[in-house]
Amino acid sequence: MTTLPDRPNTALLVIDVQKGVVAGAHDRDGVIANIDTLVGKARAEGVPVLWVQHSAEDLARGSEPWEYVPELVRHDTEPLVHKIHGDSFEETDLEALLAERGVGRLVVTGALSDGCIRATLHGAFVRGYDVTLVGDAHTTQDLTRYGAPAPEQVIAHTNLYWTWQSGPGRRATTVGTSDVGFTGEAG
């Protein structure tokens with residue numbers, strides 16, 4: 001259904017599952033386990049896995065907080081996209097990497113739900129991609145001290161509102177890890 005011509009393939013996007021990003025995040029271990037399951041499934045099915053890594057003042061490139069969590073291991077053949085903005089497409093080579101692989105549909109996982117996940121979901125959708133959010137494979141930190149809802153509410157709301165996104169010729173959906181399909185029109 002994607003509006004991107006000649007791009008029938010699907011890719012798994014793993015966003016910012018870095019030590020400093022997910023330290024203390026809601027259900028950290030469960031989310032990382034779900035992402036690891038999806039990475040294994042994608043690899044087994046020959047589906048591209050692309051990794052995104054954020055840099056910022058508190059995530060200096062090369063620092064320990066900037067590193068990916070040790071539970072997730074990127075293969076050398078899998079692209080690593082470096083970014084400095086919430087939307088993984090902004091000022092990165094993500095679009096070119098997806099175009100090279102004929103990708104018109106993204107399965108999105110990672111952190112943080114109310115930041116880079118939401119920004120990338122919308123960034124992909126407005127660029128013409130079909131976008132599936134894996135509802136139990138993204139997480140966020142507790143920002144209640146700033147007036148935000150509790151992390152589990154942020155995650156639930158992100159899952160809910162992404163389920164109802166629509167656009168001409170594009171599809172948005174939210175599914176659980178066990179329901180992810182990398183081929184056809186399944187979640």
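## A tour from helix 4 to the cores

Start with helix 4, residues 113-126. At 1.5 Å a residue, its 14 residues should span 20 Å, and the end C-alpha atoms lie 18 Å apart, which agrees. Keep in mind that this is a predicted model.

**Stop 1: along helix 4.** Colour the buried positions. They are Ser-113, Cys-116, Ile-117, Thr-120, Leu-121, Gly-123, Ala-124 and Phe-125. An α-helix has 3.6 residues a turn, so residues three or four places apart point the same way. Now step just past the end of the helix. Gly-128 sits there with a positive phi of about 105°.

**Stop 2: His-54.** Select His-54, in strand 2 (residues 49-54). Is His-54 buried or exposed? With a relative accessible area of 12%, His-54 is buried, because the cut-off for buried is under 20%. Show its side chain together with that of Lys-83. The two make a polar contact at 2.7 Å. Next, display what His-54 touches beyond four places in sequence: Asp-16, Gln-18, Leu-59, Trp-66, Lys-83, Ile-84, His-85, Gly-86 and Cys-116. Cys-116 is one of the buried residues of helix 4.

**Stop 3: strands 5 and 6.** Select strand 5, residues 130-139, and strand 6. How do they pair? They run in the parallel sense, over four bridges. Find Val-131, which stands opposite Ala-172 in strand 6. Then trace the chain from strand 5 through helix 5 (residues 151-163) to strand 6; this β-α-β crossover is right-handed.

Stay on strand 6, residues 172-175. In a regular strand the side chains alternate between the two faces of the sheet. Here Ala-172 and Thr-174 lie on one side, with Thr-173 and Val-175 on the other. All four are buried, so both faces of the strand are covered.

**Stop 4: the largest nonpolar core.** This core has 26 residues. Pick out those with the most contacts inside it: Leu-12, Val-14, Val-17, Val-22, Ile-35 and Leu-72. Strand 1 (9-15), helix 1 (19-22), helix 2 (28-44), strand 2, strand 4 (103-111) and strand 5 each supply at least two of its residues. Which element gives the largest share? Helix 2 does, with six residues.

Centre on Ile-35. Leaving out residues up to four places away in sequence, Ile-35 touches Val-14, Val-17, Leu-72, Thr-109, Gly-110 and Ala-137.

**Last stop: the second core.** A separate core holds 25 residues. Select Leu-13, Val-103, Leu-121 and Tyr-161, which are among them. Leu-121 brings you back to helix 4, where the tour began.

Notes. Residues numbered from 1 in each chain as written. Predicted model: local features only at pLDDT ≥ 70, side-chain atom pairs only at ≥ 80, totals over all residues. Heavy atoms only, no water. Buried < 20%, exposed > 50% of the residue type's maximum accessible area, 1.4 Å probe, protein only. Polar contact = N/O pair within 3.5 Å; in protein donor to acceptor, adjacent residues only side chain to side chain. Contact = heavy atoms within 4.5 Å. Expected span 1.5 Å × (residues − 1). Pairing = 2+ DSSP bridges. Right-handed = clockwise from strand over helix to strand, strands pointing away. Core = buried A, V, L, I, M, F, W, Y, C linked by side-chain atoms within 4.5 Å.
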